[in-house]
Amino acid sequence: MGRYIVRRLLWVVVLVFAVVTITFLIFSVLPSGADPARLRAGRSPNPRLVEEIRHRYKLDQPVTAQYGLYISNLVTKLDFGHSFQNDTDVLDEIFKRLPATISLALGACVVWLFVGISVGIISAVRRRSILDRTAMGLSLVAISAPVFWLGLVALYLFADDIGKIPILPGAGSYTPLTDDPIKWFTGLILPWLVLAAAFAAIYARLVRGNLIETMSEDYIRTARAKGLSERKVILRHGLRSAITPVVSALGLDLGLLLAGNAILTETVFNIPGIGRMSYNAIVNSDLPTIEGVVLFGALFIVVLNLIVDIAYAFIDPRVRYS
Amino acid sequence: MTALLDVTDLHVSFDSEDGVVKAVDGVSFSVEAGRTLGIVGESGSGKSVTSLTVMGLTRGPSTKISGTAMLEGEDLIAASEDELRHIRGNDVAMIFQDPLSSLHPFYKVGTQLVEAIQTHQRVSRGAAYDRAGELLELVGIPDARHRLEHYPHEFSGGMRQRAMIAMALANDPKVLIADEPTTALDVTVQAQILELIARLQAELGMGVVIITHDLGVVAETADDIVVMYAGRIVEESSTDTLFDRPEHPYAWGLLESIPKLTGPREEELIPIPGRPPSLIHRPTGCAFHPRCPYVREAHKRTDPQLEKIADDPGHRVACLLPHQTRRELWAKLQAGEEPEQAREDVELRDADRPTQDAGLDAPRR
């Protein structure tokens, strides 16, 4: 197991290196349509100023030299460079943005796991009942509803500034946890619910399908033949097996969200997270920032998948890594 | 001796998309303490559904069940789900065909045994764990205490079935139902498991029901045998009687299809032709008639009832052939004749003898 983890971690390094290189290549080879130096210089700039900026960020050097410099700074000094846009340190900026994204993703994750698993179990146990059909119908709606629409509807209904039933803080009310835990919590309730809706629906369907399949296994019949209550049969014997695929889905989904995939929710609710940071970076051809968020995103996804694979060995005793 | 488990006129049918499946159609049998009943039949004969129904494991919105299954004065068919739960795994325990898929892959064997114990007994985890170790020892697993910490996939096939048996014995059941207990196991292990069941029965005085498609399995272990076909009992008798003078052509087929140790090596095993009948559209008349080598025209219309055989107490059969004819046919089969040949011989004689068969159509040629 230890050797397996070490080998996987080495692969993480290789993968991150590949991701950084490919991002650099795409940025340099493809016509970006926007010159970072010109964008930085502001409206109708003096050509000399543009040249100066270009020189300062070493954009006048060959791509290979730029790449070499970036990699060597990254490897030797863990220096992610400075933003072309506003001179801030990329790593600092990422660390400043991460808490918001992590708060949003983890909170939503708790909501969707709770709702998805409960609804999935009830639907599986009461298969073909009205309850099941209603839940599965609603889940289709939740999966189909775009987050930007759902978010706006939520704000329109419940936000304390523009809402019809103003009970919850609306857009732009994100407060860091360290500033005020209560405001942090209330401010994130709507974003959590909106972000969790589609995931809860997907997980409910996943759990339902898996549980229905598991409940026809021979060992479920054995559990019943033992005289266990149906509740124990379902929760201890059925769900235990049916939950395995949920763990792998969770690794992937959470990784993507932490990598900035919650951008729509962040935008609707005006939360200063990684998603919006990447969006701004791309719009402004801000290569160091793009590299930074891409690198962190890749790290999140790869590491979470590694955690999932390790968790598998604990969930299913038949899984052994070597 | 009064019966421990007494099943009377059990009917089980399931609604399916293609129609109503009559899985069990009027089955009665009883099991006494310390005795073993073998229920024999092909897949689809209703033998497993019968046992699962006794355990209350076939209940559901699309299932219709009637009849009674009395366990010491309590009807398991009429019992509520709560009452049944106290009986399952406690008074009546069951083991299944494939021990690998019947044990939960994610839990240690010890955990699963402890669960079985604690479901019906108010004992501490430690005491239950000790008892689990004793149970594994009882079923002949070496190094039992150490083995409790293993997962089912770390056990061999025979050991898994032993663990299943240990789990079934956790609460000293009065009746043990074994549904194809050896089918998924190696031949050498099969004998060990059957021996183990017989030994435990002698020690614990349980009533045992062994369900199998293989007459060889029950030959050594069962006291009495019930042969099922298409959801009904077609023959029942003591084991010795069934092997000595079987009456039903289906039982003959089953006997001819198992190898005999005493027979010549090149002896041909004769399979029963055709396939088990549909339980949705039962064949008219005798359900076995489409596959019976000795079928006569009238058998396609008349439904045989399970009837006593005059000079053979405890032996009952559901067959329309005259008793004398059956005896002669079996004698010829025993002498090594093919079913076709035996039929022709006997029918030629019957044609000269206008006795029991009067009123029935001329034999099919």
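In the predicted model described here, helix H6 of chain A (residues 130–144) has 15 residues, which at 1.5 Å a residue should span 21 Å, and its end C-alpha atoms are 21 Å apart, in agreement with that value. The expected span of a helix is taken as 1.5 Å times one less than its number of residues. Helices (H or I, at least four residues) and strands (E, at least two) are DSSP runs, numbered from the N terminus. Because the model is predicted, local features need pLDDT of at least 70 and side-chain atom pairs count only at pLDDT 80 or more, while totals for chains, interfaces and linings use all residues. Residues are numbered from 1 along each chain as its sequence is written, chains are lettered from A and ligands numbered from 1 in the order in which they are written, and side-chain values use heavy atoms, with hydrogens and water left out.

The buried residues of H6(A) are Asp132(A), Ala135(A), Met136(A), Ser139(A) and Ala142(A). These residues cover an arc of only 115° around the axis, which places them on the same side of H6(A); the arc is that of the directions from the helix axis to the C-beta atoms. An α-helix has 3.6 residues a turn, so residues three or four places apart point the same way. On the other side of H6(A), the exposed residues are Ile130(A), Arg133(A), Leu138(A), Val141(A) and Ser144(A). Here, buried means under 20% relative accessible area, exposed over 50%, and partly exposed in between (1.4 Å probe, protein chains only). The cover over the buried residues of H6(A) includes helix H5 (90–125) and helix H8 (181–214) of chain A.

Chain A as a whole comprises 14 helices and 0 strands. Its C-alpha atoms fill a box of roughly 85 × 60 × 35 Å along the principal axes. Of its 322 residues, 45% count as buried. Among contacts in chain A (heavy atoms within 4.5 Å) with a separation of 6 or more, 67% are accounted for by residues 24 or more positions apart.

Chain B contains an open sheet of 8 strands with mixed pairing, in the order E6-E7-E8-E3-E9-E10-E12-E11. Strand E6 (92–95) and strand E11 (307–309) of chain B stand at the edges, each with a single partner strand, so one side of each has no neighbour in the sheet. The twist averages 20° from one strand to the next. Two strands are said to pair if DSSP finds at least two bridges between them. Within this sheet, strand E3 (residues 36–40) and strand E9 (residues 224–229) of chain B pair in the parallel sense over 4 bridges, and Val40(B) has Val227(B) as its bridge partner in E9(B).

Antiparallel pairing is found between strand E1 (residues 3–16) and strand E2 (residues 19–32) of chain B, joined by 11 bridges. A hairpin connects E1(B) to E2(B) through 2 residues, and Asp15(B) stands opposite Val20(B) in E2(B). E1(B) also runs antiparallel to strand E4 (residues 63–71) of chain B, with 8 bridges, and Val12(B) lies opposite Ile65(B) in E4(B).

A search of the whole structure finds 0 disulfides over all chains, a disulfide being a pair of cysteine sulfur atoms within 2.5 Å. Cys286(B) is in no disulfide, and the nearest cysteine sulfur, that of Cys319(B), is 6.5 Å away. For Cys319(B), the closest cysteine sulfur is in Cys292(B), at 6.4 Å, too far for a bond. Cys286(B) counts as buried because its relative accessibility is 11%, and Cys319(B) counts as buried at 15%.

Notes
Axes fitted to C-alpha atoms, helices over the stretch in contact; angles between N-to-C directions.
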